[in-house]
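Here is a friendly walk through one protein model, written for someone meeting it for the first time. Please keep the sequence and the 3D view open as you read.

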Amino acid sequence: MSEEPVRTYDAREANAALPLVRQLTVRIVETMAEMPELEDALRIARYKAARGGPSSGSDGEVGRREAAIEEAQAELLRAIRQLDEMGVQLKDPHEGLVDFLSYRDGELVELCWKLGEPVVGHWHRIGEGFPGRKPL
């Protein structure tokens, strides 16, 4: 069984992919930000259901809150999977930080982009991460 070759990008290709990457990254960051609120709402609904008994109607609320969390998790996984299929590495789902594998002077490196930046304009060696990024 052969492995697929790793997808690499040059700066032009990474910037051409950026509109979709940006859209997916926004979905990931927004979903990650709403998860704590969804989880709190579920805890509250479960607490009310436990205190109110089966006739309180809280069981329906628990089900709705569980469904909301499941949908958010599914949305998150869909967006992450789509980035992965593009060969784009999600590095920080809270900040919207992604890397595109690339070659620079024959060395495999990562082009680095963070949500809010207009273009892919930085790179770093593999393992250096965000603190080691340099302008292209």
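Isoleucine 126 sits in the loop between strand E4 (122–125) and strand E5 (134–135). Helices and strands here are DSSP runs numbered from the N terminus, with at least four residues (H or I) for a helix and at least two (E) for a strand. Isoleucine 126 has a relative accessible area of 48%, so it counts as partly exposed. The scale behind that word is simple: buried is under 20% relative accessible area, exposed is over 50%, and partly exposed is in between, with a 1.4 Å probe and protein chains only.

This is a predicted model, in which local features need pLDDT of at least 70 and side-chain atom pairs count only at pLDDT 80 or more, while totals for chains, interfaces and linings use all residues. Residues are numbered from 1 along each chain as its sequence is written, and side-chain values use heavy atoms, with hydrogens and water left out.

Isoleucine 126 also belongs to a nonpolar patch on the surface, together with Tyr103 and Leu108, and the accessible area of the three is about 300 Å². A patch is made of residues with over 30% relative accessible area and no salt bridge, where nonpolar side chains (Val, Leu, Ile, Met, Phe, Trp, Tyr) are joined within 5 Å and like charges within 9 Å. The areas come from the Shrake-Rupley method with a 1.4 Å probe, and for residues only the protein chains shown count as cover.

Next, look at aspartate 105, in the loop between strand E2 (97–104) and strand E3 (107–114). Its phi is near 50°, a positive value in a residue other than glycine. Most residues other than glycine have a negative phi. With 80% relative accessibility, aspartate 105 counts as exposed.

**Salt bridges**

How many salt bridges does the count come to? The count comes to 14, where a salt bridge is a side-chain nitrogen of Lys or Arg within 4 Å of a carboxyl oxygen of Asp or Glu. Some of them are set out here.

| Pair | Closest N and O atoms |
|---|---|
| Glutamate 61 and arginine 64 | 2.8 Å |
| Lysine 134 and glutamate 128 | 2.9 Å |

Glutamate 61 and arginine 64 are 3 residues apart in helix H2, so about one helical turn separates them. Glutamate 61 is partly exposed, at a relative accessible area of 24%, whereas arginine 64 is exposed, at 53%.

Glutamate 110 is buried, with 4% relative accessibility, while lysine 91 is partly exposed, with 41%. Lysine 91 and tyrosine 103 are 12 residues apart along the chain, and 19 Å separates their C-alpha atoms.

In the salt bridge of lysine 134 with glutamate 128, lysine 134 is partly exposed, with a relative accessible area of 26%. Glutamate 128 is partly exposed too, at 33% relative accessibility.

**Along helix H1**

Proline 36 is part of helix H1 (residues 11–52), and its 43% relative accessibility makes it partly exposed. From proline 36 to isoleucine 69 there are 33 residues in sequence but 9.7 Å in space, C-alpha to C-alpha. Tyrosine 47 is also in helix H1 and counts as exposed, at 52% relative accessibility. Tyrosine 47 and valine 62 are 15 residues apart in sequence, with 9.4 Å between their C-alpha atoms.

**The largest pocket**

The largest pocket has a volume of about 200 Å³. On a 1 Å grid over the protein atoms alone, a pocket is an open set of points where a 1.4 Å probe fits, with protein on both sides within 12 Å along at least five of seven lines, and lining residues have an atom within 4 Å of a point. Of the 10 lining residues, Pro5, Val6, Arg7, Asp84 and Gly87 are the closest to the centre of the pocket. Helix H2 (residues 58–86) gives the largest share of the lining, 3 residues. By class, the lining has 4 nonpolar, 2 polar and 4 charged residues.

Notes:
Grid points are joined across faces, edges and corners, and a volume is the space filled by probe spheres set on the points. Ala, Val, Leu, Ile, Met, Phe, Trp, Tyr, Cys and Pro count as nonpolar, Asp, Glu, Lys and Arg as charged, and the others, Gly among them, as polar.
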